[in-house]
Each structure stands twice: as C-alpha cells, then as structure tokens.
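Reader: Hello! Could you take a close look at one part of this model for me, and then show how it sits within the rest?

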Amino acid sequence: MCRSIRTLRPPTTPEVTDEDIRAAALQYVRKVSGFRAPAAHNREVFDQAVDTVAAATQELLNGLQIRGSAARRQAKP
C-alpha cells in the first residue's frame with residue numbers, strides 16, 4: 001500500500017528517530033485520506049490522525065521482540 005514507508009524495526013533499521021516514525025505516520029495518513037495536504041477545514045483531524053498513527057507505531061516498535069538481536073549485538077566487536 002505505502003511503498004515509500006520504510007521498515008523501522010531492528011535490525012533493518014538499527015536506530016529509529018521520532019522523525020522517522022512521524023514521517024511514516026504522515027505517509028500512511030496521506031495515502032489513506034487521499035490528501036497530500038488537507039484543506040484548512042480538515043487540518044485538525046488530519047494532524048490528529050498522524051499523531052495517533054505515530055503513537056501506535058511507537059507502541060508497536062517498543063513491544064516487538066526481535067529474535068537473535070541481542071545475540072547479534074553481543075557477537076559484534
């Protein structure tokens with residue numbers, strides 16, 4: 001669906017910033033709504049959707065358990 005959204009989970013992306021998460025959320029909301037930039041009367045609901053998706057994304061990333069990631073970090077010099 002949103003091919004320009006990149007994978008944010010380790011080890012694919014070792015360090016994820018708030019900006020990375022917000023950019024992915026913005027791309028998602030743009031795609032779903034069909035608006036690149038909403039009209040003034042839709043701005044509030046658009047921005048709220050981006051905030052909600054960003055928070056859900058952060059929660060998802062915080063809860064994921066990646067098998068072998070700890071072992072890989074310890075094995076690196």
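Author: Happy to! Asp-47 is partly exposed, with a relative accessible area of 28% (buried means under 20%, exposed over 50% and partly exposed in between, with a 1.4 Å probe and protein chains only). Residues are numbered from 1 along each chain as its sequence is written, and side-chain values use heavy atoms, with hydrogens and water left out.

The side chain of Asp-47 meets that of Arg-43 in a salt bridge, at 3.2 Å from N to O (the term means a side-chain nitrogen of Lys or Arg within 4 Å of a carboxyl oxygen of Asp or Glu). Both partners belong to helix 2 and are 4 residues apart, about one turn of the helix (helices are DSSP runs of H or I with at least four residues, strands are E runs of at least two, and both are numbered from the N terminus). Arg-43 is partly exposed too, at 35% relative accessibility.

The structure holds 2 salt bridges. Asp-51 pairs with Arg-22, and their closest N and O atoms are 2.6 Å apart. This pair links distant parts of the chain, 29 residues apart: Asp-51 is in helix 2 (residues 43-63) and Arg-22 in helix 1 (residues 18-33). Asp-51 counts as partly exposed at 38% relative accessibility, and Arg-22 does so at 37%.

Further along helix 2 comes Thr-57, which counts as buried because its relative accessibility is 18%. A polar atom of the Thr-57 side chain lies 2.8 Å from the backbone oxygen of Val-53. Residues up to four places away aside, Thr-57 touches Leu-8 and Ile-21 (contact means heavy atoms within 4.5 Å).

Leu-8 and Ile-21 both belong to the largest nonpolar core, a group of 9 residues that also holds Ala-24, Ala-25, Val-29, Phe-46, Val-50, Ala-54 and Leu-61 (such a core is a set of buried Ala, Val, Leu, Ile, Met, Phe, Trp, Tyr and Cys residues joined through side-chain atoms within 4.5 Å). Helix 1 and helix 2 are the elements that give two or more residues to this core. In soluble globular proteins, nonpolar side chains tend to be buried together. Beyond four places in sequence, Leu-8 is in contact with several residues, including Thr-13, Val-16, Asp-20, Ala-24 and Leu-61.

Now for the wider view. The protein has 3 helices and 0 strands, and buried residues make up 19% of its 77 residues. Of its contacts between residues at least 6 apart in sequence, 55% join residues at least 24 apart.

As for confidence, the average pLDDT is 84, and 83% of the residues score at least 70. Helix 2 has the highest confidence, at a mean of 96, whereas helix 3 (residues 69-75) has the lowest, at 48. Over residues 71-77 the pLDDT is below 50, and this stretch has 2 contacts in the model beyond near neighbours in sequence. Where pLDDT is low, the predicted coordinates should not be read in detail.

Terms used
Predicted model: local features only at pLDDT ≥ 70, side-chain atom pairs only at ≥ 80, totals over all residues. Polar contact = N/O pair within 3.5 Å; in protein donor to acceptor, adjacent residues only side chain to side chain. pLDDT = per-residue confidence, 0-100.
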